[in-house]
Each structure stands twice: as structure tokens, then as C-alpha cells.
Amino acid sequence: MKIVKAKDGISYLIPFLLVTSLFFLWGFAHSILDVLNKHFQEILVISKARSGLVQAVVYGGYFLMALPAGYFIKKFGYRKGVVLGLILYALGAFLFIPGGHINSFNFFLLNLFIIGCGLTFLETAANPYVTILGDEKYSASRINFAQSFNGLGWILGPLVGGIIVFDGGDISFPYMIIGIVVTVAALIFMRIPLPELKNNDTLKIQNYSGLWKSTTFTFGVVALFFYVAAQTGINSFFINYITESSLQIDNKTASILLSIGGMGLFMVGRFLGSWAMKYIAPERFLIYYSLGAALCMLLVVIPLGWISISSLFICYFFESIMFPTIFALSLKGLNEQQTKKGSSYLIMSIVGGAIAPVLMGIIGEEKMATGFIVPLLCFVVILVYSIYLGKIKNKTIQL
């Protein structure tokens with residue numbers, strides 16, 4: 001594979017494949033939340049705003065644990081960071097077994113917070129690790145390829161969760177299975193060492209204070225905040241939007257549509273983006289995709305039946321490359337220690353996913369379409385960021 005070919009005589013293919021498997025695991029963890037959101041509204045009789053706490057506690061875990069995770073990884077390395085993340089993930093998943101009997105919303109939130117803390121360690125370690133597993137020229141393409149398997153997890157989450165939960169099954173069952181899978185993954189990573197890499201490319205910021213002097217990095221943190229806010233908000237209330245339309249679609253059908261339609265396009269977009277970025281600058285790609293996503297959201301806010309629903313699906317395609325591309329471009333030019341530190345701040349920005357669902361629930365309590373104004377504004381911010389990146393690159397080329 002060209003994007004992960006050996007550098008300095010070291011083969012990175014096996015480490016790349018191992019770390020890529022983690023992207024699937026947290027994709028599943030995030031996407032099943034969208035089923036829980038609607039499920040808790042009905043089973044526990046709570047408002048849309050309160051159900052938004054499902055996402056809030058997970059992404060709140062990212063905010064609280066990002067810096068500790070970065071410090072742990074800096075001190076003990078990427079592999080131990082991955083192992084600790086998997087252990088926390090498995091613990092939170094297994095706690096759903098007693099949670100199914102207790103049937104307390106607050107207890108479920110505690111379980112999800114623990115899972116969120118585990119995912120923070122995984123993402124803080126895996127995202128930057130993938131970007132430096134080879135030539136920096138292909139960093140954006142490489143992380144988009146790895147994140148494509150994250151898209152597979154996003155497909156299976158609502159599919160498995162929707163079929164089990166909306167058919168009257170026990171919510172603890174899918175979490176028990178994923179807990180077992182994650183435990184096996186942790187045992188594998190305990191036994192297989194990952195090479196600790198040194199990123200010694202020439203364009204560097206020489207100290208941590210300089211990290212925030214880089215407008216590309218600083219604006220990247222802001223852009224990632226708004227991207228995760230948009231993505232999480234859309235996923236959280238996709239089922240609400242579909243079931244509240246005039247098309248008479250039930251919860252189970254809506255969850256299947258989210259899985260196969262929305263998340264399917266999301267995964268296709270990532271694989272396509274990973275391939276295309278070998279030929280098209282990622283900055284330019286980001287401009288096209290953020291503009292497309294903003295236009296789709298505008299049509300979603302204005303309820304037009306199948307046109308709006310189709311736009312909601314297409315938006316998933318345009319979202320697909322945003323997170324890995326923003327992440328990779330924000331870290332471009334940093335050395336190893338700055339990459340670890342910078343990735344912690346980028347992971348902290350995922351707290352946007354804690355804010356948007358609650359805000360959308362409040363705005364869209366009576367009419368869900370109105371709540372989608374929030375992701376619309378988020379995509380406008382990302383469009384501004386992508387245009388800024390394009391201008392910076394053009395100036396560099398001219399010099």
C-alpha cells in the first residue's frame with residue numbers, strides 16, 4: 001500500500017492494520033448512541049433535550065480526559081494508551097448488563113461516560129499515530145483510509161442496535177457482545193508491540209507555546225469542534241427527523257435507513273476521499289465537501305418531503321472526509337511531542353458533540369427540522385476554515 005509504505009527501512013503495514021481495527025470499534029460505539037437517543041425518549045419518557053445527554057456524557061468524557069490521555073501517551077507510549085482505552089471501553093460496555101435490570105437513565109449515562117473516557121484514549125493515540133505511519137505527504141489520505149473502517153462501525157451500530165432495541169430486545173445484549181470483542185482486542189494489543197515513531201520532518205514548530213501561534217492548528221481545533229457538533233447533532237436526531245416527516249416511517253425503519261443509507265454513504269465518501277486525495281489537495285476537497293454539506297443542511301431545515309430527506313442522506317457523503325482531513329491538516333508540520341500534545345487539544349474539541357444535541361433538542365422540541373439550523377451554521381464555519389487553508393497553501397506555493 002503506497003500510503004503506508006516503509007520509511008527509514010521500517011515496515012508500517014502491520015501496525016497500520018492493527019491500529020485501523022480500532023477505528024471500527026469506536027465507530028460502532030458512537031453510532032449506536034443514535035438508537036439509544038430515540039429509545040430512551042420513549043422507554044424512559046424523557047424530552048429530546050434530556051435525551052441529548054446520551055451524546056453529551058460521551059463527548060464530555062472526551063473533553064475531560066483528552067489532556068490526561070495525551071499525558072499518559074506521552075509518558076508511556078501509543079500502545080499502552082490504546083490498551084487502557086480498550087479496558088475502559090470494555091468496562092463501560094459490560095456495565096450495561098446490570099444497567100438493563102436497573103433501567104436508570106442516570107446509570108446508563110455513567111456507563112456511557114466511562115466508554116467515552118476509553119474512546120478518548122483510543123482516538124488520542126490512534127489518530128495521530130496513523131498520520132505519522134509513513135510519508136507526511138500521504139498523512140491525510142492515510143487517516144481517511146483508516147477512518148473508512150470507522151465508517152463500517154457507523155453502519156453496523158444503528159443497524160444492530162435498531163433491529164434489537166426497536167424489536168423489544170434487551171439493550172444490554174449488543175453492549176455485552178462489543179464488551180467481549182473489545183476485551184479480546186485489548187489482549188491482542190497487550191502482546192503485540194507498536195513501534196514508537198519519531199516525526200523528524202523539516203517544517204516544525206519548536207515549542208509548545210508555538211503550537212497556538214500556528215493559525216492552521218488553532219483554527220483546526222475550532223473547525224473540529226464545529227464538525228463534531230454538526231455530525232453528532234445530525235446523528236442524534238436523524239431518527240426523530242425521519243419519523244416526524246409526513247412519510248410515516250417507524251423507528252426501526254428509520255434506524256435501518258440511518259445505517260444503510262446515511263452511514264453507507266458516509267463510508268463510501270471516506271474510501272473515495274482516501275483514494276482521491278492522492279491526486280487532489282485535501283484543502284480543496286474540504287472546500288467542496290463543506291459547501292455541499294451546508295447546502296444539504298439548508299434543504300433539511302426547509303421541510304420539502306423526500307427532497308429534504310434525500311439531502312439529509314447526501315449530507316453524510318459530504319461529512320465523510322471532514323474529521324480525518326481537518327485532524328491531519330491541523331497536525332501537519334509538528335514534531336513527535338507536539339503531535340501528541342496537539343492531538344490532545346484536537347480530541348478536546350470533540351466536546352462540540354456534547355453541546356450540539358442538547359441545543360438541537362431544545363430548538364427542535366416542537367419541530368425537529370428547526371433544530372437542524374445548528375449543523376447548518378457549523379458547516380458554514382468549516383467552509384470558512386477550508387477556504388482559509390486554500391489561501392494559505394496558495395501563498396506558500398507562490399513563495
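## A nonpolar surface patch

F94, I97, F173, I177, I180, V181, V184, I188 and I192 make a nonpolar surface patch of about 690 Å². Such a patch joins nonpolar side chains within 5 Å, from residues with over 30% relative accessible area and no salt bridge (a side-chain nitrogen of Lys or Arg within 4 Å of a carboxyl oxygen of Asp or Glu). Areas come from the Shrake-Rupley method with a 1.4 Å probe. Helix α8 (residues 172–191) gives the largest share, 6 residues. Helices are DSSP runs (H or I, at least four residues), numbered from the N terminus.

F94 lies in helix α4 (residues 78–94). Its relative accessible area is 32%, so F94 is partly exposed (buried is under 20%, exposed over 50%, partly exposed in between).

## How the model was read

This is a predicted model: local features need pLDDT of at least 70, side-chain atom pairs count only at pLDDT 80 or more, and totals for chains, interfaces and linings use all residues. Residues are numbered from 1 along each chain as its sequence is written, and side-chain values use heavy atoms, without hydrogens and water.

## The largest nonpolar core

The largest nonpolar core has 127 residues. A core is a set of buried Ala, Val, Leu, Ile, Met, Phe, Trp, Tyr and Cys residues joined through side-chain atoms within 4.5 Å. L22, L86, L112, Y175, F372 and F379 touch the most other members.

Beyond four places in sequence, L112 touches L33, L36, V54, V57, V58, F96 and Y175. Contact means heavy atoms within 4.5 Å.

## S330 in helix α14

S330 sits in helix α14 (residues 322–331). S330 counts as buried because its relative accessibility is 2%. A polar atom of its side chain lies 2.7 Å from the backbone oxygen of I326.

Setting aside neighbours within four places in sequence, S330 contacts T216, F217, G220, L346 and Y385.

Notes
Helix = DSSP H or I, 4+ residues; strand = E, 2+ residues; numbered from the N terminus. Buried < 20%, exposed > 50% of the residue type's maximum accessible area, 1.4 Å probe, protein only. Polar contact = N/O pair within 3.5 Å; in protein donor to acceptor, adjacent residues only side chain to side chain. Patch = residues over 30% accessible without salt bridge, like charges linked within 9 Å, V, L, I, M, F, W, Y side chains within 5 Å.
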